[in-house]
Amino acid sequence: MTTTEPSAAGAGFTACEQPTTDPGHGSGSSLGTGAGTGTGSGNGNGNGNGNGNGNGQVSEPGPDSDGTEATAGGGLEQVNFFDGLFLRAEHLNRVQDHARALAESVGEAAGPGVVEGFTVTVSDATLHVGAGHAVTASGVLLRSDRLVTLPLAGLTRAAHGFWWVEAVPASWQYGEAPVQGASCDDPCSGSGTTKRQYEVQGVRIRLTEATAPGLDGQQPRWLRNWLASWHFGQERLAAGPWPYGDEVANLTRSWAPPQPTAKPEGVRLAALFQHRGPAKVWETDTWIARRDRGAPPPERYWQARLGMRPWDVFIAQVLQFQDQFADVTGASGRLVPSGTPDLVARELKRIQAEGLTKAKLIEKVDRLIKDIDAGELTGPPAADEGVRPLHDLGFDELPPAGYLSVTHGGDDGAWERLTSQVETYLGDQLRKRYCFCALPDVAQAVQEARHRDRIRLSEQVEVDILIPVANSRGSNAQWVAFARRDQRRCYDEGEPRLREAFGGGEREVPTVAVVDERLTEQ
């Protein structure tokens, strides 16, 4: 078996001239312009001439069709091996291309998203992206097994601008092997030509600039939540959801299946933005951008088209809130009570009085920091100790459901402390209903809120506060869940209130459909 390296154009091989084995005569055939064939004869050089005729239209088989109107190619080609085929690098490359095309077709059909890893952080004006595994919308596998760093120095933000942190396919060659010569060359000619014999299919991390009109008008405290709310609203409209679009007052007439469209090259991992001001602080948010791999494309398309929220989008909205909430309340997830600064001050004075060496002092301070993060330096909990309104923590809008930390203590005053903290978090605009739930029912209630609108803290939205109860003795869990309630109002047929609820007979049909006004404005 002999192979040669093809050039960039796929050539690089010239067959050796072979002597004619039949000097006498030959025969030949040719296709006519129609369905007929012709025959001919020749002599001397073994070539034949012929002609044909017919009434039909015939085309040679090719990548797009087998020559008939009823067949169509789809970009999947494989080598038709047979005995006597002179095997070349081109054929082996075709085998690899075919395997890759099959894998990408399966990946595309299963849907895009991150499978695992690709954690994004920023520190000292440097972006850090961990190892990970993802699949693009075209089915291309993205796999990285090491940390990638990207310096941000010199990056200039445009007006209302931010960046998407994306992983895109990348490939490079390495290794070195001698080229043994073409089939007609002397294999011992010693030409000294070498080529790289291995190619890596890897990942490149890139920053793609984007704009969110209104971003520059946001105060630093609310910038992150505002950007999340803006993008989630844009995302819901991206697939043209019929209930929220121009056809909202009428049933849409378009139910055609989704058609092939251009697909993004990479997978989004995080949003990167810079705060205004002299400090120019960098910040990332994973769940504004990242969507873990979920449903296949047709399911996602029809969910979005019908005004539903795909599962990976709902989870991303919940996780975005939880991640930001954890950032503003402490890495441990436990709130820092208001009395803690006094306890820290007393502890620092005690460390100072010990007269420690520099090494021991650093060790003690590190220990103190860990205790603060773990919530160890806390006094007795008060009714709303350590709790601040979510608005003051940087939130104007919440996902349809989520979770909040509470520190009620579990004693006789636990109920008063729990309700006081919830009221402080959510403010007095939301209409709250408290529900005691078994743990599985908390999860069910959160899931039921999947397709509902997001919760604006400034509006009178009906919200259930879900208090987990593991047994008959009450709740010891130091957290509660919240979920937007459904807005169904149902009446039996013939109920007098039915017509009144519809409009009291004053109009046959509503003149204005009730929708989320912000969605129709964007």
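Here is a short chat about a predicted model, taken one question at a time.

Colleague: What ground rules apply to this model?
Modeller: It's a predicted model, where local features need pLDDT of at least 70 and side-chain atom pairs count only at pLDDT 80 or more, while totals for chains, interfaces and linings use all residues. Residues are numbered from 1 along each chain as its sequence is written, and side-chain values use heavy atoms, with hydrogens and water left out.

Colleague: In what order do the four strands of the open sheet run?
Modeller: Strands here are DSSP runs (E, at least two residues; helices are H or I, at least four), numbered from the N terminus. Two of them pair if DSSP finds at least two bridges between them. The edges, each pairing on one side only, are strand E12 (198-211) and strand E14 (282-285). The pairing is antiparallel, and the order is E12-E9-E13-E14.

Colleague: Is strand E16 largely enclosed or open, and why?
Modeller: Buried means under 20% relative accessible area, exposed over 50%, and partly exposed in between (1.4 Å probe, protein chains only). E16 (residues 401-405) pairs with strand E20 (residues 479-484) in the antiparallel sense over five bridges, and Gly402 has Phe482 as its bridge partner there. Four of the five E16 residues are buried, so the strand is largely enclosed.

Colleague: How many disulfides does the count come to?
Modeller: The rule wants a pair of cysteine sulfur atoms within 2.5 Å. Take Cys435, which is in no disulfide: its nearest cysteine sulfur, on Cys437, is 5.4 Å away. Cys435 counts as buried at 17% relative accessibility, whereas Cys490 is exposed at 64%. The count comes to zero.

Colleague: Is Trp255 buried, exposed or partly exposed?
Modeller: Trp255 sits in the loop between helix H2 (220-238) and strand E13 (267-274). With Leu251, Leu306 and Met308, Trp255 forms a nonpolar surface patch of about 370 Å² accessible area together. At 43% relative accessibility, Trp255 is partly exposed.

Colleague: What distance separates the C-alpha atoms of Arg293 and Gly113?
Modeller: Arg293 is in the loop between helix H3 (286-289) and helix H4 (297-305), and counts as partly exposed at 32% relative accessible area. Arg293 and Gly113 are 180 residues apart along the chain, yet their C-alpha atoms are separated by 3.9 Å.

Definitions and conventions:
Patch = residues over 30% accessible without salt bridge, like charges linked within 9 Å, V, L, I, M, F, W, Y side chains within 5 Å. Areas by Shrake-Rupley, 256 points an atom, 1.4 Å probe, with all protein chains shown as cover. Salt bridge = Lys/Arg side-chain N within 4 Å of Asp/Glu carboxyl O.
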